[in-house]
Amino acid sequence: MKIKSNKIISFLMIMGFSCVGMAQMETQFTQYMYNRLSFNPGYAGSSGSICASVMYRNQWLGLQLDPPTPDYEAGTPPVDYLFSFDMPVKFLHGGIGLTVFQDNIGYNSCFYGALDYAFRIYWGPGNLAAGIEANIFNCSLDFQQLVGCSDFTGNYLNPVQSAGDPSLGGQMAEDFLFDISTGLYYQVPGSYYLGLSIKDILAAKSSVLNRQNARVLFLTAGYEYNIPANPSFQLRPSFLLKTASFRTTQLDLSCILSYQSTIWGGVSYRYQDAISVIAGLNWNHMQMGFSYDLTTSQVGGFKDGRSVGSLEAYVKYCFKVIIPPKLPSSYRGTLYLF
């Protein structure tokens with residue numbers, strides 16, 4: 001069974017993965033707990049190290065899309081690339097960060113870039129950060145490939161009478177948008193963290209793409225529990241709740257078992273979407289992680305042409321720069337009076 005591209009692309013847009021419409025959801029990552037900067041600017045510099053990471057996600061592997069006719073393209077399931085960098089900056093009393101993201105889905109392609117600053121104070125047993133983010137979007141959409149139900153003629157020799165939406169211009173469209181985000185992030189290192197953030201506060205509009213950013217609220221938390229019988233093992237439960245303009249809501253629940261913070265494995269559940277397995281390891285200053293999602297929505301299933309799952313991988317490198325204290329160049333001797 002193959003899925004027609006016009007049906008699946010419509011499904012994707014409804015689910016919120018597209019850049020078109022009012023209520024799009026931010027792109028999802030199963031290993032969100034290792035990628036907190038991408039949705040909360042308050043996280044910048046929180047690790048106390050200089051960190052750079054690359055993440056790749058290929059969603060809905062095996063999903064077969066047929067074009068409406070041989071003259072049209074089928075479009076692609078979501079494929080995402082993300083690069084992030086953050087570091088603490090002592091004289092700024094916090095940290096800075098950078099995120100670059102590429103999202104390809106259907107006939108749509110989006111580039112996203114963000115600069116973050118987090119101001120951090122010590123509060124109670126941990127530290128609290130307030131972050132601000134400036135981000136830009138560059139999105140393009142090929143309206144020529146969009147075929148509506150009313151455009152099908154039923155004639156085998158000439159199945160489509162027209163393509164594109166006249167109200168959208170009917171051509172390849174591209175536009176830039178600017179927006180801002182903010183977030184709060186509190187952590188007790190080695191114990192727990194809690195974050196609240198809002199992405200795209202300005203809800204920037206594009207008349208060219210017929211798009212308006214949705215304000216997306218993120219709430220996340222995680223906890224580290226040392227197993228008393230064997231402290232070498234840690235349980236790390238966490239969750240991520242996000243809602244786009246309170247119209248579309250998504251919840252991820254995860255639990256990871258770690259051994260001496262060197263290797264780990266666990267499971268994750270995304271409500272009405274996927275069950276996932278997660279594994280990773282630390283090697284010197286390098287951290288690597290992998291996840292596989294078993295699709296539970298209608299896109300998946302054990303049928304020909306449906307999704308067999310989603311694959312995600314990341315590599316992260318962190319290090320610290322320790323500046324030794326400057327030794328005095330001269331010493332004052334003690335003056336004795338007799």
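**Reading the labels**

Tutor: Gladly. Ile96 has its place in strand 5, and please keep in mind that this is a predicted model.

Student: Why is Ile96 called partly exposed?

Tutor: Its relative accessible area is 31%. Buried means under 20% and exposed means over 50%, with partly exposed in between, so Ile96 at 31% is partly exposed.

Student: What does Ile96 touch, leaving out residues up to four places away in sequence?

Tutor: Its contacts include Ala44, Gly45, Phe85, Met87 and Tyr117.

Student: How many helices and strands does the protein have?

Tutor: There is one helix, along with 19 strands. The protein has 338 residues, and 46% of them count as buried.

Student: How many disulfides are there in the whole structure?

Tutor: A search finds two.

Student: How do you know that Cys51 and Cys318 form a disulfide?

Tutor: The sulfur atoms are 2.1 Å apart. The cut-off is 2.5 Å, and a pair of cysteine sulfur atoms within it is a disulfide; Cys51 and Cys318 therefore qualify, as 2.1 Å is within 2.5 Å.

Student: What makes the disulfide of Cys51 and Cys318 right-handed?

Tutor: The torsion about its S-S bond is about 120°, so the disulfide is right-handed. This pair links distant parts of the chain, with Cys51 in strand 2 and Cys318 in strand 19, 267 residues apart.

Student: Is Cys51 buried or exposed?

Tutor: Buried, because its relative accessibility of 3% falls under the 20% limit.

Student: And which residue does Cys110 pair with?

Tutor: Cys110 is joined to Cys139, again with an S to S distance of 2.1 Å. The link of Cys110 and Cys139 is right-handed, with 115° about the S-S bond. Here too distant parts of the chain are linked: Cys110 lies in strand 6 and Cys139 in strand 7, 29 residues apart.

Student: Why are both of these cysteines called buried?

Tutor: Cys110 has a relative accessible area of 7%, and Cys139 has 2%. Each value is under 20%, so each residue counts as buried. Cys255, at 31% relative accessibility, counts as partly exposed.

Student: What makes the phi of Trp60 worth a look?

Tutor: Most residues other than glycine have a negative phi. Trp60 is not a glycine, yet its phi is positive, near 60°. Trp60 sits in strand 2 and is buried, with a relative accessible area of 3%.

Student: Where is His93, and is it buried or exposed?

Tutor: His93 is in the loop between strand 4 and strand 5. Its relative accessibility is 51%, which is over 50%, so His93 counts as exposed. His93 also has a positive phi, about 55°, although it is not a glycine.

Student: How do you know that Asn213 and Asp179 make a polar contact?

Tutor: Their side chains are joined at 3.1 Å, and the distance limit for the N or O atoms of a polar contact is 3.5 Å. Asn213 is in the loop between strand 11 and strand 12. At 2% relative accessibility, under the 20% limit, Asn213 counts as buried.

Technical notes: Residues are numbered from 1 along each chain as its sequence is written. This is a predicted model: local features need pLDDT of at least 70, side-chain atom pairs count only at pLDDT 80 or more; totals for chains, interfaces and linings use all residues. Side-chain values use heavy atoms; hydrogens and water are left out. Helices (H or I, at least four residues) and strands (E, at least two) are DSSP runs, numbered from the N terminus. Buried means under 20% relative accessible area, exposed over 50%, partly exposed in between (1.4 Å probe, protein chains only). A polar contact is a pair of N or O atoms within 3.5 Å; within protein, one must be able to donate a hydrogen and the other to accept it, and residues adjacent in sequence count only if both atoms are side-chain atoms. Contact means heavy atoms within 4.5 Å.
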